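Then turn to the ligand and its neighbours.

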Amino acid sequence: MSAAAAAAAVPGRRAKAAIHWFRKGLRLHDNPALLRACEAAAVYPVFVIDPWFVSEERVGVNRMRFLLETLEDLDAALRARSSKLSVLRGRPEEVLPRAAAHWGADLLTFEADFEPYALQRDEAVRSLLAERGVRVESFVSHSLYDPRGVAAAGPGGKPPLSYGPFVKLLRGIGPPPRPARDPPAAMPSEGWKPAPAALTFTDNATTASGTGDGASSLPASGEPASAAHGDRLAEARIPSLADLGYAPPEHAPLFPGGEQEGLRRMAAKLSRGDWVRAFAKPKTSPTAVGEPDTTGLSPYLKFGCVSSRRFWHELAAVNAGGPHGSPPTSLEGQLLWREFYICHGFSFPNYDRMAGNPVCRQIAWQDDPELLRRWEEGTTGFPWIDACMRQLRAQGWLHHLGRHAVACFLTRGDLYQSWERGARVFDRLLVDSDWALNNGNWMWLSASAYFFQFFRVYSPVAFPKHTDPDGDYVRRWVPELANFPKAYIYEPWKASKQNQRKWGCEIGSDYPEPIVDHVAVSKLNMARHKAAYEAHKAPGPPRDVPVGDSPGAFQVGSAPRAPKRARGDGDEGDAAAPGGSGEERDGASAAKRAKPASP
Ligand SMILES: Cc1cc2nc3c(=O)[nH]c(=O)nc-3n(C[C@H](O)[C@H](O)[C@H](O)COP(=O)(O)OP(=O)(O)OC[C@H]3O[C@@H](n4cnc5c(N)ncnc54)[C@H](O)[C@@H]3O)c2cc1C
């Protein structure tokens with residue numbers, strides 16, 4: 001490092017120019033890293049479109065649309081503060097050093113991200129910039145607490161493995177920090193110049209590159225940037241879905257992206273004080289058509305359009321207005337589940353897989369791509385499961401109990417496919433996909449970690465009847481069955497062939513037969529799980545364990561198929577079961593066991 005570079009990197013010195021790198025934390029409120037950048041003479045807010053995540057295989061169209069809408073919203077908010085968002089393209093390790101050199105930046109700030117890919121990426125950026133004398137500072141504001149501090153306060157330097165002790169630990173630490181103040185009304189912009197054109201998205205790269213390195217001034221607060229910069233400079237823009245190679249989405253967004261929209265949604269939900277205080281997650285409806293029965297804040301929390309700390313403190317103020325529920329089922333309890341998984345994802349290695357993951361049971365899952373495909377496409381022949389998967393594909397979102405149902409069905413309940421496969425599908429399709437929350441919840445639902453009562457299985461028939469006896473949710477998402485009366489809506493295969501024809505859908509040709517015999521297969525899977533738990537008490541790789549009377553019945557790729565006319569499943573389930581009604585139990589002793597906290 002040169003002497004000049006070393007001088008620039010001195011902590012506490014006012015930076016000449018700071019880049020604030022937005023990743024998550026896509027907001028102006030409660031953004032300590034942005035505030036730090038605003039202490040510089042000029043601040044350059046950037047977002048980097050990293051090719052690593054630009055692909056439908058990795059990020060589905062709903063989430064990409066949400067992100068691009070959020071960037072538009074962020075840019076508008078920055079313009080109202082005499083600044084703008086520069087959207088750069090390329091690998092951050094390559095783009096950020098070039099941008100720093102171009103702007104003469106001596107400080108880079110960002111919100112800390114503890115996911116494995118982010119940790120690796122940020123370390124690479126940090127060391128490349130340090131070589132050039134650019135100081136890098138990160139701040140924790142995605143989660144309520146700093147996961148490093150929570151882990152350090154836990155037994156053996158790890159967060160407690162179960163929710164109750166985890167919440168107790170947080171209570172001991174005290175309330176989460178209050179949100180940071182807003183950034184200045186006019187962001188610092190001494191000697192401001194536009195982004196290097198070669199790194200941006202422009203309509204006309206030649207024109208833009210002719211002007212891209214020139215000095216310019218920013219608009220006065222509230223003035224559109226294009227007016228002050230001239231048309232040519234305004235050409236560097238936020239990309240569209242088409243720019244990124246995405247086909248237009250087929251469905252209108254359930255959740256429009258952006259900080260403004262997120263704050264509006266949060267305010268609307270919190271204004272219903274009685275609803276907030278009475279919130280009990282298992283009592284919310286997974287079959288609501290249209291506006292969710294919960295807050296619908298997950299995409300905004302995932303991208304950080306809404307600060308979880310602001311949400312927590314505003315929620316605490318509402319709760320102060322009267323008697324209210326408590327964790328795990330209350331609204332605060334939901335935020336603490338988020339914290340639980342974030343802290344676990346940070347503290348335990350290989351959190352997104354079974355191998356080498358210290359919290360995950362080793363289970364010899366089957367591997368049948370055809371079963372996975374039919375589950376993912378929503379063609380299992382179980383209308384409730386298919387409706388959920390089709391909503392997920394169409395809107396990128398699903399109520400928590402719908403997620404429970406399809407995750408249980410894919411794994412320990414029916415198809416006995418690995419939770420890792422399901423988590424990858426969710427990760428691609430969910431608009432709110434969050435690495436730690438997704439993997440942690442999949443481990444829970446597959447009884448691989450946290451929840452071990454594998455003999456409690458969701459019925460794909462009885463479960464939805466409690467909130468939607470008429471089957472309207474199924475009719476919305478599985479239109480093939482729109483004319484089926486409620487008596488058959490969850491079990492259309494039980495209708496006579498004559499009625500099936502009358503109602504316009506023949507099972508087996510217009511809509512599939514059930515993919516498995518749920519009653520038979522779930523019992524066998526329980527036995528299989530029991531055997532796996534017994535076999536893998538000792539560490540070691542998973543082995544395929546013969547089950548009960550059918551040794552070897554579950555060889556790889558051999559799930560029991562449904563008989564031509566599958567048995568109906570009329571079990572009404574256990575109305576008091578965690579996560580809602582419709583769970584089945586196997587074995588009388590199960591009823592006597594303690595009920596675990598449910599996410
Ligand atoms: C298999 C499976 C996968 C999941 N994957 C994700 C995911 O990738 N991203 C995600 O945000 N949530 C995930 N969840 C958790 C939960 O389903 C969603 O957070 C919730 O449904 C979002 O709706 P909401 O914002 O209306 O939730 P609300 O009930 O209104 O809760 C408010 C917030 O609390 C947090 N929260 C609620 N439930 C949970 C939970 N069980 N675990 C962690 N945080 C929670 C979320 O940030 C949520 O936005 C998953 C659940 C399951 C069963």
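The lining of the largest cavity has 17 nonpolar, 11 polar and 6 charged residues. Here Ala, Val, Leu, Ile, Met, Phe, Trp, Tyr, Cys and Pro count as nonpolar, Asp, Glu, Lys and Arg as charged, and the others, Gly among them, as polar. This is a predicted model: local features need pLDDT of at least 70, side-chain atom pairs count only at pLDDT 80 or more, and totals for chains, interfaces and linings use all residues. Numbering runs from 1 along each chain as its sequence is written, and side-chain values use heavy atoms, without hydrogens and water.

Where is empty space left? Rolling a probe the size of a water molecule over the atoms shows it. A cavity is a set of points, on a 1 Å grid over the protein atoms alone, where a 1.4 Å probe fits but cannot get out; lining residues have an atom within 4 Å of a point. Points are joined across faces, edges and corners, and a volume is the space filled by probe spheres set on them. The structure holds 9 cavities of 30 Å³ or more.

The largest cavity has a volume of about 720 Å³. Its lining counts 34 residues, and Lys281, Ser298, His400, Arg403 and Leu437 lie nearest its centre. Helices H12 (298-302), H14 (331-347), H17 (400-413) and H19 (435-445) each supply at least two lining residues. Helices are DSSP runs (H or I, at least four residues), numbered from the N terminus. H14 gives the largest share, 6 residues. Domain 2 (143-179 + 257-347) and domain 3 (369-592) both contribute to this lining, so the largest cavity lies between them. The domain bounds come from an automatic or database domain assignment.

The second largest cavity has a volume of about 140 Å³. It is lined by 14 residues, with Asp113, Phe114, Glu115, His142 and Ile342 closest to its centre. H14 and H19 are the elements that give two or more residues to this lining. H14 has the largest share, 3 residues. By class, the lining divides into 7 nonpolar, 3 polar and 4 charged.

Now the ligand. Which side chains make polar contacts (pairs of N or O atoms within 3.5 Å)? An N or O atom in the Thr294 side chain is 2.5 Å from a ligand oxygen atom. For Thr295, a polar side-chain atom lies 2.5 Å from an oxygen atom of the ligand. For His400, the distance from a polar side-chain atom to a ligand oxygen atom is 2.7 Å. Taken alone, the ligand exposes 820 Å², and the protein buries 99% of that. These areas come from the Shrake-Rupley method with a 1.4 Å probe.

Note on methods:
1 Å grid on protein atoms, 1.4 Å probe; cavity = no way out; pocket = protein on both sides within 12 Å on 5 of 7 lines; lining within 4 Å. Polar contact = N/O pair within 3.5 Å; in protein donor to acceptor, adjacent residues only side chain to side chain.
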